[in-house]
Amino acid sequence: MDKTDERLIAALRHDARAALSDLATTLNLSRTTVRARIAKLRESGEIIGFTVVTRADVARDPVRGMMMIGIEGRGTERITRQLGSMRQVRAVHSTNGRWDVIVEIGSETLEDFDAALTQIRRLDGVVASETSLFLKTRKSG
């Protein structure tokens with residue numbers, strides 16, 4: 001993958017339904033080149049599909065956020081399993097840096113969101129956390 005492919009993928013992430021002619025204009029390429037590059041990226045497995053994010057996807061969880069978690073000792077696997085079984089947890093990511101795990105949380109209400117935070121903070125081995133609510137989503141996916 002070269003810089004042009006990276007720019008093409010960025011444009012498709014912004015609007016996966018963009019017309020080839022619009023992509024060509026945006027990237028300063030010919031329509032034929034854009035079509036060929038997309039085909040090559042699909043054949044190589046770099047692009048495995050296209051997706052749509054609907055209002056309902058966001059409305060399902062009107063209250064959303066992420067929680068960064070610090071874990072003591074070797075409890076990461078156990079805590080990750082516990083997090084994965086919680087109904088409000090949408091994703092669990094291992095990471096590097098200050099935090100051991102980042103959790104995406106979604107719920108119907110602030111009270112339910114707060115209950116999830118409380119439950120996570122009470123897990124044996126969780127020693128620190130920091131939470132941020134998502135106020136507005138401009139781009140997803």
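Colleague: What radius of gyration does the protein have, and what would a compact globule of 141 residues have?
Modeller: This is a predicted model, to start with. The protein has 20 Å, whereas a compact globule of that length would have a value near 14 Å. The C-alpha trace spans about 55 × 30 × 20 Å along its principal axes.

Colleague: How many helices and strands are there?
Modeller: Six helices and four strands. Along the sequence they run α-α-α-α-β-α-β-β-α-β.

Colleague: In what order do the strands sit in the sheet?
Modeller: E2-E3-E1-E4, in an open sheet with antiparallel pairing. The twist averages 20° from one strand to the next.

Colleague: Which strands stand at the edges?
Modeller: E2 (89–94) and E4 (126–133). Each has a single partner strand, so one side of each lacks a neighbour in the sheet.

Colleague: Over how many bridges do E1 and E4 pair?
Modeller: Seven. In one of them, Met-66 has Ser-132 in E4 as its bridge partner.

Colleague: New topic. Which residues touch the most other members of the largest nonpolar core?
Modeller: Ile-69, Leu-83, Val-103, Ile-105 and Ile-120, out of 17 residues. Strands E1 and E3 and helices H5 and H6 each give two or more residues to this core. Another core lies apart from it, with 11 residues, including Ile-9 and Leu-27.

Colleague: Back to Ile-69. What does Ile-69 touch beyond four places away in sequence?
Modeller: Its contacts include Leu-83, Trp-99, Val-103, Ile-120 and Ala-128.

Colleague: And what share of the protein's residues is buried?
Modeller: Buried residues make up 31% of the 141.

Conventions: Residues are numbered from 1 along each chain as its sequence is written. This is a predicted model: local features need pLDDT of at least 70, side-chain atom pairs count only at pLDDT 80 or more; totals for chains, interfaces and linings use all residues. Side-chain values use heavy atoms; hydrogens and water are left out. A nonpolar core is a set of buried Ala, Val, Leu, Ile, Met, Phe, Trp, Tyr and Cys residues joined through side-chain atoms within 4.5 Å. Buried means under 20% relative accessible area, exposed over 50%, partly exposed in between (1.4 Å probe, protein chains only). Contact means heavy atoms within 4.5 Å. Two strands pair if DSSP finds at least two bridges between them. Axes are lines fitted to C-alpha atoms, for helices over the stretch in contact, and angles run from 0 to 180 degrees between N-to-C directions. The radius of gyration is taken over C-alpha atoms; the globule rule is 2.2 Å times the number of residues to the power 0.38.
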